[in-house]
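Dear colleague,

Please find below the structure that I am handing over to you. My notes on it follow directly after.

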Amino acid sequence: MTAVQIVFLAVAALTLAAAVMVVSLRRMMQSALALILALVGVAVIFALLGSGFFAVSQVVVYIGAIAILIIFAVMLTQNSMSPEHSQMNPGFLYAALGSALLFSSLVFILSMWVGFYAIPVNLDPSVDTITVLGLSLTDPQGFALPFEIVSVLLLAALIGGIYIARDHHRD
Amino acid sequence: MTFWTDPIGLLDAWLFAVLTGWGLPADVSRIILYILGGFVLATGAMVFTVFLIWLERKLIGRFQDRFGPNRVGPFGIFQTVADMLKIFTKEFITPDGADLIPYNLAPILSVAGVLFVWAVLPFAINMLGVNLNVGVLYVVAAGAIGELGMILAGWGSNNKFALIGAFRAIGQMISYEVPMILTLLVPVMFTGSMGLNDIVKAQNPWFVVVAPLAAFIFFISQVAENARAPFDLTEAESELVAGFNIEYSGLKFGMFYVAEFLHAFTISVLFAVIFLGGWLGPGAEKYPWLGLLYTMIKTTVVFFTILLMRAGLPRFRIDQVMDLNWKLFTPLAIGILIVTAVVDKSLALFTPTIRVLGLLAANLVMLLVTLRFLKIFAQKKRRPLVVPSASTELPDDISEVLL
Amino acid sequence: MIPLSWILAFSLALFFIGLFGAIARKNAISILMGIELMLNAVNINLLAFWRYLYSAHMNGLVFIAVVFAVAAAETAVGLALIISAYRNRRTITAGDFDSLKG
């Protein structure tokens with residue numbers, strides 16, 4: 001077992017523990033903090049998979065924006081649910097059972113697939129992945145159209161978010 | 001490879017040889033060295049803060065026509081050490097009803113958010129933690145972690161002043177991130193890389209010459225991001241008592257304090273590296289110690305400017321801070337980005353001198369247009385002068401009114 | 001190096017924890033958090049397949065960038081909806097929004 005594998009196992013265990021805390025803790029604030037921990041864990045996994053760009057993007061997008069938005073929402077709505085009551089729907093055991101069943105059956109199916117045991121190819125060090133990615137994002141033969149559509153989506157979300165969250169009664 | 005040409009590489013090779021000599025596998029000793037390097041860098045930065053706090057207090061004292069610390073040691077240089085010892089011995093007071101995990105996590109995240117930046121700062125050609133190929137993005141990500149620390153401090157303290165302070169801080173920091181990132185794209189565009197060391201190497205001439213407006217906006221946004229005067233609304237004493245860190249005492253408060261002072265220095269280094277050519281200078285490629293000296297001189301100039309701003313300018317109101325960002329800086333930054341890209345690309349075929357002159361002219365035109373717009377806008381906004389009319393004249397007998 | 005199977009198992013586990021959270025929790029913000037976990041699991045898969053099987057193609061990486069943007073948009077609009085609903089109904093329990101039920 002190499003050092004990288006040990007790091008991966010530790011980070012994966014931490015991430016999964018944090019994810020379980022996200023869905024099981026009663027106090028929303030702690031649940032949000034656990035979500036941040038899980039997101040950091042995913043960022044470390046990205047870095048281990050050799051994509052520093054997406055690891056850093058994960059921190060910028062998820063922790064810099066999404067986690068802070070969620071914390072804000074938790075603060076603004078903190079009076080609506082008391083932590084003494086259960087946060088779970090009545091039939092949550094069925095959900096747990098179904099998730100576990102799907103998980104184990106998918107792992108079983110995947111274990112029969114050849115690609116499951118693939119060995120990572122060594123990346124060509126002369127190719128700068130970010131440069132290639134950037135070029136393909138702006139290449140009309142590549143992904144220029146999806147890229148533009150995503151920017152329109154973000155603009156729409158920006159305007160929609162501002163419009164929906166505004167207090168219409170006050171003005 | 002000698003001490004004068006590559007001190008860090010020499011030390012690294014020697015320690016690696018020592019560790020593998022003990023029979024450790026190569027990758028384990030590599031990881032140990034990474035951890036050791038991070039530890040040394042972080043500790044060095046924190047110890048350096050002791051000096052910075054003294055320097056800032058001394059200089060602010062001079063700006064305000066007083067002596068500043070002058071009792072402990074020569075020129076009061078050990079004042080911060082004494083303060084540190086005092087803060088170590090203070091009691092930790094946890095407020096009633098505090099949310100313990102966020103409350104205790106917040107100071108750590110605040111300091112971590114600043115220290116993370118130090119991993120990518122190039123002090124000289126080979127004196128740097130790592131030349132990350134996404135360095136600029138990494139700096140932004142580290143800022144996000146600092147914001148998280150603030151909001152957790154505000155929430156965890158169970159105090160309305162802390163919460164209001166945190167809301168203000170987050171609103172201000174997130175807003176000023178927008179023009180900051182947009183102007184950071186200008187040097188990245190010139191360089192073609194996001195690595196900070198590559199950005200330094202590409203500065204011929206310095207980027208502050210070819211993109212002065214972007215440099216100005218970046219500088220102001222960074223000062224606002226650091227919540228320093230004149231943008232220190234987050235800790236406006238007259239309104240909020242102390243801001244998001246009101247409930248902290250002892251070393252926990254000390255960590256916020258260290259984070260703020262170290263952040264001011266860190267943004268000075270960042271500005272020097274990104275816009276003022278970093279370690280570039282005669283002989284710096286051959287002798288990194290010279291490069292370190294150049295970086296420090298440039299950093300000191302920027303740091304001094306920040307201190308002068310803090311000493312000389314009154315605090316903005318919160319709506320003025322937000323107006324400055326959303327109505328001036330963000331549109332201007334978008335404009336700068338587009339105009340610089342077009343001008344740079346269309347002048348790429350000419351000689352470097354023409355390119356620099358063209359970029360300068362473009363910046364000048366943008367500045368004039370902005371000033372023109374500001375003038376129109378300011379005239380529209382200005383309140384009309386109140387002229388007392390006949391009906392509002394004071395009655396002849398003032399006692400009528402009083403009775 | 002890390003075997004692909006470990007990464008896939010890990011991302012599957014993360015996905016199903018997120019799915020459980022999205023199904024089982026009452027709180028609308030919790031449901032959003034569960035969806036975030038699921039999107040992250042998908043991103044891990046995309047990156048792993050790029051790294052192990054198709055490192056010459058950029059499709060997977062572009063898809064990750066798109067997922068980032070979609071996640072950000074979804075959270076912004078979703079939280080805006082939740083806050084707006086909280087303002088009108090004083091609750092964020094997903095089951096309580098049933099006034100359209102006959």
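Into which domains is chain A divided? The division gives domain 1 (1–81) and domain 2 (127–171), with bounds that come from an automatic or database domain assignment. The C-alpha centres of these two domains of chain A lie 23 Å apart.

Please note that this is a predicted model, in which local features need pLDDT of at least 70 and side-chain atom pairs count only at pLDDT 80 or more, while totals for chains, interfaces and linings use all residues. Residues are numbered from 1 along each chain as its sequence is written, and chains are lettered from A and ligands numbered from 1 in the order in which they are written.

Contacts between chains

Of the two pairs of chains in contact, chains A and C share the most contacts; two residues are in contact if their C-beta atoms, placed from the backbone, lie within 7 Å. Chain C contributes 62 residues and chain A 69 residues. On the side of chain C that touches chain A, the elements giving two or more residues are helix H1 (4–24), helix H2 (28–52) and helix H3 (59–89) of chain C. Helices here are DSSP runs (H or I, at least four residues), numbered from the N terminus. H3(C) gives the most to this side, with 20 residues. By type, the side of chain C comprises 44 nonpolar, twelve polar and six charged residues. In this scheme Ala, Val, Leu, Ile, Met, Phe, Trp, Tyr, Cys and Pro count as nonpolar, Asp, Glu, Lys and Arg as charged, and the others, Gly among them, as polar.

The contact of chain A with chain B takes 18 residues from chain A and 20 residues from chain B. H2 and helix H3 (52–76) of chain A each supply at least two residues of the side of chain A that touches chain B, and the largest share, twelve residues, comes from H3(A). That side holds 13 nonpolar, five polar and no charged residues. Chain B and chain C do not touch, and their nearest C-alpha atoms are 12 Å apart.

A helix pair within chain A

The axes of helix H1 (residues 3–24) and helix H2 (residues 28–48) of chain A come within 8 Å and cross at roughly 155 degrees. Axes are lines fitted to C-alpha atoms, for helices over the stretch in contact, with angles from 0 to 180 degrees between N-to-C directions. H1(A) is therefore roughly antiparallel to H2(A), a term for angles over 145 degrees. Among the residues that meet are A:Val4 and A:Phe8 in H1(A), and A:Leu35 and A:Leu48 in H2(A). The residues of this contact divide into 17 nonpolar, three polar and no charged.

With kind regards

Key
Angles under 35 degrees count as roughly parallel, over 145 as roughly antiparallel, 65 to 115 as roughly perpendicular and the rest as oblique.
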